[in-house]
Amino acid sequence: MAMQLTAEQQHMLDGGKGEAFAKVMKTLVMYGETFGATEMVPVTSAKGHLVTSFGLSVMKPVYGLMDQLIEAGAISQQPFSVDPKPLDKNVPSNLLQNIFFKVMYSKQDDYDAQLKKLGIISDKSYTCTCYMDEVGNVPNKGDVLSWAESSAVVYANSVLGARCNRNSGILELFGSIAGCVPYFGLLTDEGRKATWIIEVKTSKKPEAQVLGSTIGMKVMEDVPYIKGLDAWIGTELNQDTRDFLKDMGAATASNGAVGLYHIENLTPEAVEQKEALIAENAQVYVIDDAELARVQASYPCIWKDQSAAPKLCFIGCPHLSVNQLHSWTQRLIDALKKQGRQKVAVPTVFTAAPGVLEVFEKTDDYQKLKKAGVVVSYICPLMYMNNPLCGKMPVITNSNKLRTYTSARYYTDAEILQRISGEVR
Amino acid sequence: MKQFQGRVVVPGTVKAEALVSHGGFNTLASFQKSLMFGDKDATCSDQNNADLYNKPMHGKALCLPQTIGSTTGGMVFYCAAALSREPACLLFSKPIDSLAAAGVILADVWTDASMPTVDSLGDDFLEAVKTGMTVTIGEDGLVTVE
């Protein structure tokens, strides 16, 4: 069945607002029809979020398309935040790497200027964790979003109860320009039902990043209903729990294609609807200690020298919360004391949203981190690692997303702490 | 010779050499290096995809279950098409996912590139087709593997 459009939507599709608007609507209509959508629904969130934050010189087609939109007056109807910036001079890099950065991201200033014309909230709106209070782009439960950043989409759907499909970059901007998105998938009640039951049967609290990876690799784009995890992380959505879910969700979305998960007794829809959220004939996947170990052992390490000493460590992909910055600081300072060290053994970067960093930098812990030699930055570690000269370095991380897209080597939080505190080389 | 009936997502006919990924195709990880460093063969840079890693993707009939990973995926397909580094066609054994759909539609609406796309070809399709075989897409979504 073809899409039924409102008069205004049809007017746009027919070219009544110009060719660029018509192509925007045509793209949205084709996209919706591919998934059986028969109508568009209004985007109801106060703010949007774009996944494309980088001015990569080789992505010229994207910036050309943005120019077409701006020239046609096809800008976002909502102010929006954007993923993190790719460059920060405070993050360690050598002369050659810096030269490469300049060449790689030569379009950055131009693209930042385009974002201003298209509707970015402010210069501080660059982060993948726009949903944190300090950033201020927190959707309400039930809001319809036009977002694309995979870690933000899965968080907004699962933890906040907003409704958003796993849109692609550019498509999310089109939704914000048109003010509507096709109604299908995770926007619908049916599409939010779980087709997998995950039974967590571990002997200890699972590592968020490994659990997320394990779930993502199994269920791919499906919706899992996770049982047994509340025994380890509780039934209250406090900051610790939200941080765990942020990291777990990012791993489900990058190691698989999960856009929504439900956690028994914890996430809003699971609390309200309980097992009514589970679709008929849902498959079951049991995750125990052995399964987590199997998955973690399967991560390839593509360093040329597998035993190389790490030259850099990134913590904060997705960006850390204020709570996580404090927690990591306390754990690191304690670990350094045990080793009799004043400074980290591996150059280390903690990344967080500009608004989060503003809050954290006013605290004593920030001074402690500085003294320990840790850099705090708003950078996107993934964009840093995309520099081939950085990618050749032995970089370690606790992020399964960063591991998936770059040469960074994954370690659990405890293993990372051992390495940056000098306990283990 | 085997034939499989799928659903046309982006119309078009093409004959090309198959390149088969049995696992989810991570679009960003696969095209990242090609887009960044001007590799016109679009050599796959996804270290986690043993089927495709280090193999050229441009001009191939890319056979896959679905795409996974970063939601820049659609934009990556769009850029690959705009820069003439796109596969000859995309053939999905499963229903197409939202990121890949966005990518092939963006390429269709906003570029001159042709990247016919057929989905829902079934698991049998991915079992039958092997890298190096010849794949032909007809107008109606009929895919011939030989």
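The buried residues of helix α12 of chain A pack against α8 (208-219) and β8 (278-288) of chain A. The model is predicted.

**Helix α12 of chain A**
- Helix α12(A) spans residues 289-297, and its buried residues include A:E291, A:L292 and A:V295.
- These residues lie on the same side of α12(A), because they cover an arc of only 100° around the axis.
- In general, an α-helix has 3.6 residues a turn, so residues three or four places apart point the same way.
- A:A290 and A:A297, on the other side of α12(A), are exposed.

**The largest pocket**
- The volume of the largest pocket is about 790 Å³.
- Its lining comprises 33 residues, of which A:K205, A:P206, A:E207, A:A208 and A:D413 are the closest to the centre.
- Among the elements of chain A that give two or more residues to this lining are α8, α12, β9 (312-320), α13 (322-339) and α19 (413-420).
- Helix α10(A) gives the most to the lining, with six residues.
- By type, the lining residues are twelve nonpolar, eleven polar and ten charged.

**Residue B:Q66**
- B:Q66 is located in the loop between β5 (61-64) and β6 (67-68) of chain B.
- B:Q66 counts as buried because its relative accessibility is 2%, and the cut-off for buried is under 20%.
- The side chain of B:Q66 forms a polar contact of 3.0 Å with the side chain of A:E221.
- Leaving aside residues up to four places away in sequence, B:Q66 touches A:M220 and A:E221 in chain A, together with B:G24, B:F25, B:F92, B:K94 and B:D97 in chain B.

Definitions and conventions: Residues numbered from 1 in each chain as written. Chains lettered and ligands numbered in written order. Predicted model: local features only at pLDDT ≥ 70, side-chain atom pairs only at ≥ 80, totals over all residues. Heavy atoms only, no water. Buried < 20%, exposed > 50% of the residue type's maximum accessible area, 1.4 Å probe, protein only. Helix = DSSP H or I, 4+ residues; strand = E, 2+ residues; numbered from the N terminus. Arc of directions from axis to C-beta. Contact = heavy atoms within 4.5 Å. 1 Å grid on protein atoms, 1.4 Å probe; cavity = no way out; pocket = protein on both sides within 12 Å on 5 of 7 lines; lining within 4 Å. Points joined across faces, edges and corners; volume = space filled by probe spheres on them. Nonpolar A, V, L, I, M, F, W, Y, C, P; charged D, E, K, R; others polar. Polar contact = N/O pair within 3.5 Å; in protein donor to acceptor, adjacent residues only side chain to side chain.
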